[in-house]
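Please view the sequence and the structure below before reading on.

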Amino acid sequence: MKTGIVCMLLLMVTLTRSVAALEETRIEDDVERWRGCYYYAGETDLIKGGTRFYADLLFGDASFTGQLTEDSFIQGQEGQTLTSAVIGMSFNGMVSFTKAYDPDSGLTHLIMYLGTLSQGGKEIRGAWTIPETTSFGSFIMSERGYPCDS
């Protein structure tokens with residue numbers, strides 16, 4: 001419950017602009033831009049499938065916060081984007097973060113991510129889940145470019 005409240009407060013502070021279908025607009029100069037894709041369990045085409053996103057992240061010692069923008073998956077909102085706040089931490093090559101959607105989207109659930117940072121520190125691969133549901137899948141994100149466009 002406390003994590004949900006923290007994420008929602010972070011969400012209200014972080015969400016200040018809307019972005020057209022993954023038009024990349026930087027929110028601050030001191031953030032790192034990561035690009036990625038997430039996949040639902042059972043998606044097999046890792047190039048053509050998945051949902052593209054980009055995240056502007058501000059890193060501290062072992063924690064980070066930021067804003068994530070992704071293609072909308074909501075029926076009737078195709079071609080639009082969804083924005084969410086993220087808060088997370090990294091330790092010994094493990095990365096975990098929680099994503100909370102903009103309340104205006106109507107999505108109220110949190111999504112939890114757990115992944116492994118690559119040896120060079122430029123890519124994260126892992127899994128995501130929506131607590132108390134059967135929704136889960138995998139994700140990959142990179143500092144270099146969209147890994148799902150390879």
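Which residues do ring pairs link into a cluster? Phe-59, Phe-64, Phe-97, Tyr-113 and Phe-139 are linked in this way. The model is predicted, so local features need pLDDT of at least 70 and side-chain atom pairs count only at pLDDT 80 or more, while totals for chains, interfaces and linings use all residues. Residues are numbered from 1 along each chain as its sequence is written, and side-chain values use heavy atoms, with hydrogens and water left out.

**Aromatic pairs**

- Nine aromatic pairs are found in a search of the whole structure; rings of Phe, Tyr and Trp (its six-membered ring) pair if their centres lie within 6.5 Å, with planes under 30 degrees apart counted as stacked, over 60 as edge-to-face and the rest as tilted.
- Tyr-38 and Tyr-40 are edge-to-face because their planes stand at 65°, with ring centres 6.2 Å apart.
- Phe-97 and Phe-139 also form an edge-to-face pair, at 5.9 Å centre to centre and 80° between the planes.
- Phe-97 is in strand β5 (residues 94-101) and Phe-139 in strand β8 (residues 136-142), so this pair ties together parts 42 residues apart in sequence; strands (E, at least two residues) are DSSP runs, numbered from the N terminus.

- Tyr-38 is buried at 3% relative accessibility, whereas Tyr-40 is partly exposed at 34%; buried means under 20% relative accessible area, exposed over 50% and partly exposed in between (1.4 Å probe, protein chains only).
- Phe-97 is buried at 5%, and Phe-139 is buried at 3%.

**Charge over a ring**

- Arg-52 lies over the face of Tyr-146, 3.8 Å from the ring centre; this requires NZ of Lys or CZ of Arg within 6 Å of the ring centre and within 35 degrees of the ring normal.

Key
Helix = DSSP H or I, 4+ residues; strand = E, 2+ residues; numbered from the N terminus.
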